[in-house]
Protein chains: 2
Amino acid sequence: MTQQQVQQVVAVLGRGVVDPDEPVVSADDLGFTRGDGVFDATRVVIDGSGRRVDNLEAHLARFARSIHLLEGAVPDLDGWRALIEQAVAACPFSGEITLKIMWTRGRESTVTQPLGVLTLTPMTAAAIAQRAGVRVAALQRGLASDAFTDVPWLLGGAKTLSYAVNVAAKREAARRGADDVLFVSSDGYCLEGPTSALVAAFGRRLVATPRGATGILASITQEIAFDAARAAGWDTSDELLRPDQLFEADGAWLLSSVRGAAPILELDRRPLAQNAALTSQIVAWTGF
Amino acid sequence: MTQQQVQQVVAVLGRGVVDPDEPVVSADDLGFTRGDGVFDATRVVIDGSGRRVDNLEAHLARFARSIHLLEGAVPDLDGWRALIEQAVAACPFSGEITLKIMWTRGRESTVTQPLGVLTLTPMTAAAIAQRAGVRVAALQRGLASDAFTDVPWLLGGAKTLSYAVNVAAKREAARRGADDVLFVSSDGYCLEGPTSALVAAFGRRLVATPRGATGILASITQEIAFDAARAAGWDTSDELLRPDQLFEADGAWLLSSVRGAAPILELDRRPLAQNAALTSQIVAWTGF
């Protein structure tokens, strides 16, 4: 196997690193047939100074929380740590790499264990280029901003493998000439991107979408940025914003653990305020 | 391989029948990592009179429609027909069997073909027993009954692999002592079950949930039953019903291609009208 052929590293919990072209998921795995599983993702950086996984413990904690929301058994996080360490050590790529960890309920036809799989994939140039800014399409999500109150079966806050709507929304954005999506609730509030969180700045105050009733995913990158911002004397708050309010902000960003903080250049083709110093500050607070 | 060991038949488009314990889905297959794929399911009956697949062409047509809604390429239905024929011929089980066909967008890390997989799995005794009737929990779906108007990215009407909410709702039903779920829209209308369609009878009139704006899946079993009912001189209509209206009906059923028509015994522990002759009539109209 030369580096040219290998597109990714694949490892399976309980087995270790496997041939990346070897299928590892059974036809009746419930994560495949029903999207009945969860994932989490973060960035791995491999360079002259070593190999590091960004915010691993926070991602493992969120991963465990997602599994809990799907009523899975408590995962063996030590086993996951060892598998990740082994896979990262075996990784033939350098630079920025996406680590994705996935858990499924396991096979339907036989009484078996849950399945744990991870992949390491080099970040694409296109994803890295989006750090300079993204054009965003606001797309209706169909759910009210309080739709997730007292309805745990809607799986609010869980990062599930059932992301078909998220990828369909990204295709719709591309059709509209945009790079990414901002989901909007049926009552007209900004929610999140398909794989990112929204942050807006108003003076020395950062605003994020509230969790809980909105069903959005708790963003580790946003939490880290807000902690750093508060340490620097800024205010932070969780507030529902209407898309129109983003045009009054000093800036707005989509944050993710892999791409970092990408300034929103325009929303539905209408420009948002840009401030390079402010973006640099946000990026620094995210730890990128 | 003895029949005792084999829990299912697995076949892959372009390959044919494979060892049922051989994983066939790659770790980076988008159907696995994102639920970015579709499926369809129907019943196969293998008995002394032969091997037959129920309503195969209608299911292939709906499968192709689901793929189209996800913007996949037109599937090779002749290839699917041949694969299904081969798998059914090789099937070691008899009685009633669930055929599931699945399509995914393929692997993310390499430029590849979509993946096509099918499974044949014997129906469980529990599923067959539910034909005698199901206790149903009404669960909020969070979306209004017109939420799918002009928002194709929400994938209304597509039978996707992103069914995590559907299975979470079934777990919630079990916790409530129920066998199945009736999803209710945020504005209070009956929608569908996680894997079934609702039909209610009022005199010589059958009512089903409208498609389109509700986002529900077009039910092949319901369409077949309605065609037969009209041929028998009954009226049929698509109407939004409130859960309370089901208690005024002469009966209500959850219809699926595998389980057939199961009378709803009770909704949220409150009994619905039962009429064995009427249920027999509905079952006959579904072709079961």
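Two residues are taken to be in contact if their C-beta atoms, placed from the backbone, lie within 7 Å. The model is predicted, so that local features need pLDDT of at least 70 and side-chain atom pairs count only at pLDDT 80 or more, whereas totals for chains, interfaces and linings use all residues. Residues are numbered from 1 along each chain as its sequence is written, and chains are lettered from A, with ligands numbered from 1, in the order in which they are written.

The contact between the chains draws 46 residues from chain A and 47 residues from chain B. On the side of chain A that touches chain B, at least two residues each are supplied by α1 (30-33), β6 (115-122), β7 (134-140) and α5 (164-175) of chain A, helices (H or I, at least four residues) and strands (E, at least two) being DSSP runs numbered from the N terminus. The largest share of this side, seven residues, comes from α5(A).

Within chain B, strand β1 (residues 9-12) pairs with strand β6 (residues 115-122) in the antiparallel sense over four bridges, where pairing requires that DSSP find at least two bridges between two strands. Val9(B) has Leu120(B) in β6(B) as its bridge partner. β1(B) is also joined by three bridges to strand β2 (residues 16-18) of chain B, and these two run antiparallel, with Val10(B) bridged to Val18(B) in β2(B). β1(B) and β2(B) form a hairpin with three residues between them, and Gly14(B) in the turn has a positive phi of about 90°.
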